[in-house]
Amino acid sequence: KFWVMVYISKVCWALTKRGITHDLSKYSSHEEPGFRKLLPKLKDSDYGSDAYKELLRQLAPILAHHYKVNRHHAEHHQNGFFDMNELDKLEALCDWRAATRRFTNGNLKDSIEKNRERYGYDIRQTNSFWEVAK
């Protein structure tokens with residue numbers, strides 16, 4: 001029982017560190033100006049809409065850097081979602097859940113489904129994640 005608690009605590013600490021350092025690159029000189037300009041516009045778009053996709057197109061150079069330095073994004077990995085470890089996936093899910101608060105139509109279940117289409121994962125791979133992030 002003691003060792004189980006020790007190992008669970010290590011996982012919790014690893015997630016806590018990720019929470020503290022999550023997306024710090026958005027404050028870098030590479031990313032901050034573009035995110036400052038375009039992120040507010042995302043609030044007025046529906047996730048997955050044509051307007052949303054156009055904003056992503058405008059953010060493409062900034063996102064390329066962001067994905068390169070943040071492993072919780074599938075785009076960081078050569079084989080996308082399939083190369084992500086479980087902590088990466090949990091951080092990504094928490095990121096998606098937080099992002100739903102930005103959109104008027106934000107809904108985690110919808111995001112999981114749209115991202116399934118985007119990243120090609122099997123929906124069964126996210127069932128337990130949904131329970132964590134409700």
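Student: A crossing is left-handed if the near helix is turned anticlockwise from the far one by less than a right angle, and right-handed if clockwise. In which hand does α5 pass α6?

Tutor: α5 passes α6 in a right-handed crossing. Helices here are DSSP runs (H or I, at least four residues; strands are E, at least two), numbered from the N terminus. The model is predicted: local features need pLDDT of at least 70, side-chain atom pairs count only at pLDDT 80 or more, and totals for chains, interfaces and linings use all residues. Residues are numbered from 1 along each chain as its sequence is written, and side-chain values use heavy atoms, without hydrogens and water.

Student: At what angle do α5 and α6 pack?

Tutor: About 125 degrees, with the axes 10 Å apart. Axes are lines fitted to C-alpha atoms, for helices over the stretch in contact, and angles run from 0 to 180 degrees between N-to-C directions. α5 is therefore oblique to α6. Under 35 degrees is roughly parallel, over 145 roughly antiparallel, 65 to 115 roughly perpendicular, the rest oblique.

Student: Which residues make the contact?

Tutor: α5 brings Leu93, Trp96, Arg97 and Thr100; α6 brings Leu108, Ser111, Ile112, Asn115 and Tyr119. Contact means heavy atoms within 4.5 Å. By class, five are nonpolar, three polar and one charged. Nonpolar covers Ala, Val, Leu, Ile, Met, Phe, Trp, Tyr, Cys and Pro; charged is Asp, Glu, Lys and Arg; the others, Gly among them, are polar.

Student: And how do α1 and α5 pack?

Tutor: α1 (residues 2-21) meets α5 (residues 86-100) at about 50 degrees, axes 11 Å apart. So α1 is oblique to α5. The crossing of α1 past α5 is right-handed. Val11, Ala14, Leu15 and Arg18 of α1 touch Leu87, Asp88, Leu90 and Glu91 of α5. That contact has five nonpolar, no polar and three charged residues.

Student: What about α2 and α3?

Tutor: About 170 degrees, axes 10 Å apart. So α2 runs roughly antiparallel to α3. Leu38, Lys41 and Leu42 of α2 meet Tyr52, Leu55 and Gln58 of α3. Four of the contact residues are nonpolar, one is polar and one charged.

Student: New topic. How much space is in the largest pocket?

Tutor: About 480 Å³. A pocket is an open set of points on a 1 Å grid over the protein atoms alone, where a 1.4 Å probe fits, with protein on both sides within 12 Å along at least five of seven lines; lining residues have an atom within 4 Å of a point. Of the 29 lining residues, Tyr52, His73, Asp95, Ala99 and Arg102 are the closest to the centre.

Student: Which helix gives the most to the lining?

Tutor: α5, with five residues.

Conventions: Points joined across faces, edges and corners; volume = space filled by probe spheres on them.
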